[in-house]
Amino acid sequence: MTDPWLRCRAPRDAAAARVVCLPHAGGTAGYYAPWGTELPRGVELSAVQYPGREDRILEPPPARLDALVADIAAALLPLTDRPLTLYGHSLGAVVAYEVARRLETAYGVTPAHLVVSGRRAPSVPVCGDLHRRPDEELVAELARLGGTRAELLRDPGVRSVLLPAVRADFALAETYTHRPGPPLACPVTAVIGTADTEVDEAQARRWAAHTTGAFAFHALPGGHFFSVPDRAPVLALLAGATGAARPPDGAGRSAPDGLCPVPSESESTA
C-alpha cells in the first residue's frame, strides 16, 4: 500500500472522471467497496480511509478536523488531473466540504462537484456531547440510527475495537464550527432521506449558501442510512454529477448481508 489515505477497488485507467467518497463517523473505505464497479465505466471511484479502522486500525483516530482535511486534500492532488467529484455522507459531508475548500484556497483546484448527504449545512450549528458519554449510550445511538449490525454492537470484543474511532469521529462532528470564508465555486448537490431524523429539508437546502455554483436538492426514500438497502439512486446522482450515464438498472441493490459492519453517527447531536 503506497497511499495510506485512498482505496480504489476498481481502478479504471481510462476513466474520464473520478469520484472520491468520504465516510460517515466510524465509517470505512470498505463501506464503498461495491460502488466503484456499479458506476459507469467512464468513472473511477476511490474512498478515503480515515486512521483508526480497517487496515489503519493501529493508528490513532483523527483528533483534529483541520489536520485530517489537510492530509486528505494533499492525498487527492494526484487525482485532480481529471474532473473530481467529492461525495460525503453525514460527518463525511463536512469533511468533503472542508476538503473542497482547501483544494480551492490552498491549491487553486476547483472540484467538479460536491455531493453531500445526510448532513445539515455547515452554517447550521450542531451541538452534542455523545463523544463524552458512556459506551452504552453511544452504542444505543448507533443502534437507533442503523447502519451497524446489531450483533456487532452486542459483542464486547468488537465494540472495544470499533468504539474508539466512533467516539473520535463524533467529537469531530460535535465540535465542528464553520469558519467564515468565500463560498465554493463548484456545484453542490445535497441529499437526505425522507425519514431522516438528523436533518430536514430546510437545513439541507442551506448548503446553497456555500457555493456560487449551481445547487440541487434531492430527498430519497429512507432514513439516515438510506443508501444501505438501495444505493442505486445515490449512484445515479453521482453518475449525473460526473456527467456520465446512469448506472445500469439493478445496480446498487444491497445483498442480504449488505449492512456494512461499520458504525454510524448522529447529526442531531453530531
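In which loop does Ser90 lie? Ser90 is found in the loop between β4 (84-89) and α3. The legends below describe a predicted model, in which local features need pLDDT of at least 70 and side-chain atom pairs count only at pLDDT 80 or more, while totals for chains, interfaces and linings use all residues. Residues are numbered from 1 along each chain as its sequence is written, and side-chain values use heavy atoms, with hydrogens and water left out.

**View 1. Model confidence.** The pLDDT, which is the predictor's confidence in each residue from 0 to 100, averages 87 over the chain. Of the residues, 86% score at least 70. Residues 253-270 have a pLDDT below 50. Beyond near neighbours in sequence, this stretch has 82 contacts in the model, a contact being heavy atoms within 4.5 Å. Where pLDDT is low, the predicted coordinates should not be read in detail.

**View 2. The sheet.** Seven strands form an open sheet with mixed pairing, in the order β1-β3-β2-β4-β5-β6-β7. The edge strands, β1 (6-7) and β7 (215-220), each pair on one side only. Strands (E, at least two residues) and helices (H or I, at least four) are DSSP runs, numbered from the N terminus. Two strands count as paired if DSSP finds at least two bridges between them. Strand β2 (residues 17-22) runs parallel to β3, and five bridges join them. Ala17 stands opposite Val43 in β3.

**View 3. Helix α3 and its ends.** Helix α3 has 17 residues and reaches 23 Å from its first C-alpha to its last. This is close to the 24 Å expected at 1.5 Å a residue, the expected span being 1.5 Å times one less than the number of residues. In α3, 13 of the 17 residues are buried; buried means under 20% relative accessible area, exposed over 50%, and partly exposed in between (1.4 Å probe, protein chains only). Ser90, in the loop between β4 and α3, is buried with a relative accessible area of 0%. Its phi is near 60°, a positive value in a residue other than glycine. Just after α3, Gly108 takes a positive phi of about 70°.

**View 4. The loop between β3 and α2.** Two residues of the loop between β3 (43-48) and α2 (65-76) are described here. Glu54 is found in this loop and has a positive phi of about 45° although it is not a glycine. Most residues other than glycine have a negative phi. Glu54 is partly exposed, at a relative accessible area of 37%. Ala63 is found in the loop between β3 and α2 and is exposed, with a relative accessible area of 69%. The C-alpha atoms of Ala63 and Asp169 are separated by 8.0 Å, and the two residues are 106 residues apart along the chain.

**View 5. Nonpolar cores.** A nonpolar core is a set of buried Ala, Val, Leu, Ile, Met, Phe, Trp, Tyr and Cys residues joined through side-chain atoms within 4.5 Å. The largest has 49 residues, and those with the most contacts inside it include Val20, Ile72, Leu86 and Leu114. Elements that give two or more residues to this core include β2, α2, β4 and β5 (113-117). Helix α3 gives the most, with nine residues. Leaving aside neighbours within four places in sequence, Leu114 is in contact with residues including Leu86, Ala96, Tyr97 and Val188.

**View 6. Salt bridges.** A salt bridge is a side-chain nitrogen of Lys or Arg within 4 Å of a carboxyl oxygen of Asp or Glu. The count by this rule is 11. Arg179 forms a salt bridge with Glu98, with the closest N and O atoms 2.9 Å apart. Arg179 lies in the loop between α6 (156-174) and β6 (188-193) and Glu98 in helix α3 (residues 91-107), so the pair ties together parts that are 81 residues apart in sequence. Glu98 is buried at 5%, whereas Arg179 is partly exposed at 48% relative accessibility. Asp66, partly exposed at 47%, forms a salt bridge with Arg64, the closest N and O atoms being 2.9 Å apart. Arg82 forms a salt bridge with Asp81, with the closest N and O atoms 3.7 Å apart. Arg82 is partly exposed at 22% and Asp81 is exposed at 53%. A network of salt bridges links Arg18, Glu44, Asp81 and Arg82.
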